[in-house]
Amino acid sequence: MKEADCYDGSTNGVVVMVEPYSQTEQIQQVVYRILDANLDRAREGLRIIEEWCRFGLNNAQLAAECKKERQEIAHWHTGELRAARNTPGDPGTDLTHPQEEQRTSIKSLLQANFCRVQEALRVLEEYSKLYNPNMGKACKQMRYRIYTLESSLMGRHRQQLLLRSRLYLVTSPGDKLIETVEAALKGGLTLVQYRDKTADDTVRLQQAKKLRQLCHDYGAIFLVNDRLDLALAVDADGVHLGQQDLPIAIARELLGPHRLIGRSTTKVAELQAAIAEGADYVGVGPVYETPTKEGKAATGLEYVRYAAKNCSIPWFAIGGIDPNNVNEVINAGANRVAVVRSLMQAEQPTLVTQFFLSQLISRMKPELGMSYV
Ligand SMILES: Cc1ncc(COP(=O)(O)OP(=O)(O)O)c(N)n1
Ligand SMILES: Cc1nc(C(=O)O)sc1CCOP(=O)(O)O
Ligand SMILES: [Mg+2]
């Protein structure tokens, strides 16, 4: 008499040993149950991630990587481990954390499931040492592969969101910073850059942290102007660098391959250099003179027309753009614009965001040359 008789269903899941089991056997059953539960957990989490790779990103290679890991997990899920399962007797099935019920975006859903898979693999790695040391080693290797998969998938997720972003809010300091950004996010904004050239670092750090959380709650990208250290400190999605800021190659080394790097450009040579150096997007401007960037001469619409025909990466027209002139910029070929005052000083940032987006989406000019849409 073994497993079937050692649990008494009438005790509502409390394990009652009806026949004396040796201590070693009891421990073995517990280890088997832990392994069984965590093999399931890892496989389920991977399946959720795989579905997004397949249907959300249309990425057969990433989906195949997830599938391969699932198959490896299935390989270790032997009959004797499955046989140790006792779901009705598991006191953990009703335990949920409020965060498990709340997924505010695809990003948070993916992150939660990567976390679940990694935790499960860590548990498997430890407990398999008492069962099959080779399985422990395999789970350790798998955990490292999942970390790599996570950073590459999250990087692709950012790239996709960048591609879909038509309006870019560059912030300016003010009492209503957080509430203005939130109002714009409510209007559908998906890209925010925190820009404050004068505040103390303590203030910058605190505001950047808040904005990063806010943006991620709304599923938007959060970038930091100029400062790589701040971007890393708050785990931002990347940085925006001007011609006087750090070279892209150094920023890339420090940020790794998956965070975004944007570059300001005011002329053809700067635009071509930014593409060659590996920028993820460029700013194209200032289209019009603007008090936000005093002293910088306007490039005019000619440069916008050039970018529309020749820029092979996402680009944002910037500088003096408002609801009255945005159509002129769109007619010159822009599909994306970045603004400071038009949103930061708007009385109704949600409505202004919606207006910009409606114009940018309905009047897009994909037919113009190589314009990147
Ligand atoms: C989207 C975007 N484009 C251009 C700039 C300007 O960057 P930079 O030239 O480094 O000037 P500062 O913003 O640092 O004053 C930008 N911030 N964002
Ligand atoms: C920060 C910045 N960079 C620019 C560039 O052309 O590189 S123009 C600009 C300011 C844009 O502000 P507003 O929308 O208020 O005119
Ligand atoms: Mg700068």
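In the predicted model, the side chain of Asp280 makes a polar contact, that is, a pair of N or O atoms within 3.5 Å, with the side chain of Gln159 at 2.8 Å, and a further polar contact of 2.9 Å joins the side chains of Asp280 and Arg252. Within protein, such a contact also requires that one atom be able to donate a hydrogen and the other to accept it, and residues adjacent in sequence count only if both atoms are side-chain atoms. Asp280 is found in the loop between α11 (268-276) and β6 (281-284), where helices (H or I, at least four residues) and strands (E, at least two) are DSSP runs numbered from the N terminus. With a relative accessible area of 10%, Asp280 is buried, the classes being buried under 20%, exposed over 50% and partly exposed in between, with a 1.4 Å probe and protein chains only.

Asp237, placed in the loop between α9 and β4, is likewise buried, with a relative accessible area of 2%. The side chain of Asp237 makes a polar contact of 2.7 Å with the side chain of Arg158, and one of 3.3 Å joins the side chains of Asp237 and Lys107.

Asp226 lies in the loop between β3 (221-225) and α9 (228-233), whereas Asp245 lies in the loop between β4 (238-241) and α10 (248-255), so the pair ties together parts that are 19 residues apart in sequence. Asp226 counts as partly exposed at 22% relative accessibility, as does Asp245 at 26%.

Asp226 also takes part in the surroundings of ligand 1, since one of its polar side-chain atoms lies 3.0 Å from an oxygen atom of that ligand. A nitrogen atom of ligand 1 is 3.0 Å from an N or O atom in the side chain of Gln193, and a polar side-chain atom of His240 lies 3.3 Å from a nitrogen atom of ligand 1. Ligand 1 is surrounded by 14 residues, the closest being Gln193, Arg195, Lys197, Ser264 and Lys293, where a residue is counted if one of its heavy atoms lies within 4 Å.

Around ligand 2 there are 13 residues, of which Pro286, Thr290, Thr292, Gly320 and Arg341 are the closest. An oxygen atom of ligand 2 is 2.7 Å from a polar side-chain atom of Arg341, while a polar backbone atom of Pro286 lies 2.8 Å from an oxygen atom of the ligand and a backbone N or O atom of Gly285 lies 3.4 Å from an oxygen atom of ligand 2. The protein covers 94% of the 430 Å² of accessible area that ligand 2 has on its own.

Residues are numbered from 1 along each chain as its sequence is written, with chains lettered from A and ligands numbered from 1 in the order in which they are written. Local features need pLDDT of at least 70 and side-chain atom pairs count only at pLDDT 80 or more, whereas totals for chains, interfaces and linings use all residues, and side-chain values use heavy atoms, with hydrogens and water left out.

Definitions and conventions
Areas by Shrake-Rupley, 256 points an atom, 1.4 Å probe, with all protein chains shown as cover.
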